[in-house]
Amino acid sequence: MIRVDPGDYIGIIGGGQLGRMMAYSAYQLGYRIAVLDPDPDAPLAQIAHRKITASYDDPAAVQELAKLASVLTYEFENVSVPELELISQERAIFPNVRLLSISQNRIHEKNMCRRLGLKTANFLWAETVDQRLSLLDFRHYPAIVKTVRGGYDGKGQWRVENREELEEALKMWPNMPLIVEEFVPYDVEISVVLTRDQQKEIVDFGVMENYHRHGILDVSISPARVSEYVGERAISYARQIASDLDLVGTMTVEFFVVGNEVLVNELAPRPHNSGHLTIEAFDYSQFDQHIRAIAGMPLGRPCRGNPAATANLLGDLWQQGNLNWQKALDTPHTTLHLYGKGEARLGRKMGHLTALADTPEAAARRVRQAREALTSKKGVNSFY
Ligand code: AMP
């Protein structure tokens, strides 16, 4: 059992918004944060006690972080596994490196689901260039071709309607391991965010309902408007995965729902965008629980408050001129989070809004209204 005492350092690989929100939770418990990120002005680097400015897989930098910190974690999954495997012999890394490596590889993810008897979309994969021709035997169209590694927010994906288009897509990525997956005509996408501690106890935040735009999460709603049967299945699948992979920390599993069927899409070994609303909707957030778990503290038993919805603020919004922060903040029961990022590029997650309301529908309406208020030019009009 790893126990981190208040005042000790927690080391975080990756300095993005997830790391920054982990730090807010860690600071409440008196921990110090050291971050490894190549950008000295990354969201977490701006507020960490110590920053190591180097690439994520620079062995000397990872060593330095491990020396400083009592425990290590990461806030995004594209970290070099061999490097961390080496370090994990002398410093605990949560979630464990095996879980990380499975989450980096869509083939391993899907095979893990098969092994546990959990359903996924039909798929075929090719790990080597020689195996690629076998992908043309795929029979379930429309389909999506995905790179096996490195895909996030819908990047590295190509929808194909038939065998000819699949052939074209294979030419686009001539040297990469690929997976071809049936396009699921889902009713809704959902996710389960949960935390498992070092004593194997699991606490979940129920089911979130997720809406994407151009492959990027746009709006999440909690609780998800799915049947009890579907909700319980999703939670039980996520718990099975967490136990099987010996998770310590917060993890997220994303699902497609088709009728009563729940198909696993992918997992993220970290707090997740769809869990941001746990900051306001529960008395302990996904970040609080993550820090407790990796620090060897008992998990909180979060009580759920009101239904909630989160809307992401992408860099695209900034292209529309000055944003009306006053008006957005004038929306009742709505919280604004900005991550401190300098350049508002298209598709870049700059911040989010979370609204609480009496029903999930009302929360979703309210958060969209608050986001629209950002681009309104009419000054502050109280919503009260
Ligand atoms: P992923 O990176 O695999 O999570 O994909 C990003 C988003 O693309 C998902 O959240 C879905 O909205 C969509 N998507 C990915 N795979 C499929 C699929 N097999 N069927 C339908 N939609 C998909």
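This is a predicted model: local features need pLDDT of at least 70, side-chain atom pairs count only at pLDDT 80 or more; totals for chains, interfaces and linings use all residues.
The ligand is surrounded by 14 residues, and the closest are Lys146, Glu181, Val184, Glu189 and Glu266.

A few polar pairs can be picked out. Lys146 puts a polar side-chain atom 2.8 Å from a nitrogen atom of the ligand. Val184 uses its backbone instead: an N or O atom there lies 2.8 Å from a ligand nitrogen atom. On the oxygen side, a polar side-chain atom of Asn265 sits 3.0 Å from an oxygen atom of the ligand. On its own the ligand has 470 Å² of accessible area, and the protein covers 94% of this. Strand E6 (143-147), strand E8 (178-182) and strand E13 (261-268) are the elements that give two or more residues to the shell.

Elsewhere in the chain, four strands make up an open sheet, ordered E3-E2-E1-E4, with parallel pairing. Strand E3 (50-52) and strand E4 (71-74) sit at the edges with a single partner strand each, so one side of each has no neighbour in the sheet. From one strand to the next, the twist averages 25 degrees. E2 (residues 32-36) and E3 run parallel and are joined by three bridges; Leu36 stands opposite Ile52 of E3. Helix H2 (residues 59-68) then lies across E1 (9-13), E2, E3 and E4, running at about 170 degrees to E2.

How values were computed: Residues are numbered from 1 along each chain as its sequence is written. Side-chain values use heavy atoms; hydrogens and water are left out. Two strands pair if DSSP finds at least two bridges between them. Axes are lines fitted to C-alpha atoms, for helices over the stretch in contact, and angles run from 0 to 180 degrees between N-to-C directions. Contact means heavy atoms within 4.5 Å. A residue is near a molecule or strand if one of its heavy atoms lies within 4 Å of it. A polar contact is a pair of N or O atoms within 3.5 Å; within protein, one must be able to donate a hydrogen and the other to accept it, and residues adjacent in sequence count only if both atoms are side-chain atoms. Accessible areas come from the Shrake-Rupley method with a 1.4 Å probe; for residues, only the protein chains shown count as cover.
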